[in-house]
Amino acid sequence: MKNNIKHMRSKHKFTQDELAERLNVSRQTIISLEKGRYNPSITLAFKLANVFHCKIEDIFIYEEE
């Protein structure tokens, strides 16, 4: 699954550390999300959408395999 986390983080002028702190996760989690190596829980996806003031679908792009 692709995502726009890095783009949206930059748009909101958050560092990886700042975003991690807002979401109560580690910076490594943010790095893994941005690189597409980790699919978040639905709870974390909703938290991301809340932080970025958007819908989950604006952040994550589902691609069938």
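## Close-up views of a predicted model

**View 1. Lys13 lies in the loop between helix 1 and helix 2.** Helices (H or I, at least four residues) and strands (E, at least two) are DSSP runs, numbered from the N terminus. The model is predicted: local features need pLDDT of at least 70 and side-chain atom pairs count only at pLDDT 80 or more, while totals for chains, interfaces and linings use all residues. Residues are numbered from 1 along each chain as its sequence is written, and side-chain values use heavy atoms, with hydrogens and water left out. Lys13 is not a glycine, yet its phi is positive, near 60 degrees. Its relative accessible area of 73% makes Lys13 exposed (exposed is over 50%, buried under 20%, partly exposed in between; 1.4 Å probe, protein chains only).

**View 2. His53 is in the loop between helix 4 and helix 5 (56-59).** His53 has a positive phi of about 55 degrees although it is not a glycine. With a relative accessible area of 69%, His53 is exposed.

**View 3. Phe14 and Phe52 form a stacked aromatic pair.** A search of the whole structure finds 1 such pair. The ring centres of Phe14 and Phe52 are 6.4 Å apart, and the planes make an angle of 25 degrees (rings of Phe, Tyr and Trp, the last by its six-membered ring, pair with centres within 6.5 Å; planes under 30 degrees apart are stacked, over 60 edge-to-face, the rest tilted). Phe14 belongs to the loop between helix 1 (5-11) and helix 2, and Phe52 to helix 4 (residues 42-52), so the pair ties together parts 38 residues apart in sequence. Phe14 is buried at a relative accessible area of 13%, and Phe52 is buried at 3%.

**View 4. Helix 2 (residues 16-23) packs on helix 3 (residues 27-34) at an angle of about 110 degrees.** The axes are 8 Å apart. That angle makes the two helices roughly perpendicular (65 to 115 degrees). Gln16, Asp17, Leu19, Ala20 and Leu23 of helix 2 meet Arg27, Ile30, Ile31 and Glu34 of helix 3, with contact taken as heavy atoms within 4.5 Å. These residues divide into 5 nonpolar, 1 polar and 3 charged.

**View 5. Helix 3 is mostly covered, with 6 of its 8 residues buried.** The buried residues are Thr29, Ile30, Ile31, Ser32, Leu33 and Glu34. They pack against strand 1 (2-3), helix 1, helix 2 and helix 4. Gly36 follows helix 3 and has a positive phi, near 75 degrees.

Notes: Axes are lines fitted to C-alpha atoms, for helices over the stretch in contact, and angles run from 0 to 180 degrees between N-to-C directions. Angles under 35 degrees count as roughly parallel, over 145 as roughly antiparallel, 65 to 115 as roughly perpendicular and the rest as oblique. Ala, Val, Leu, Ile, Met, Phe, Trp, Tyr, Cys and Pro count as nonpolar, Asp, Glu, Lys and Arg as charged, and the others, Gly among them, as polar.
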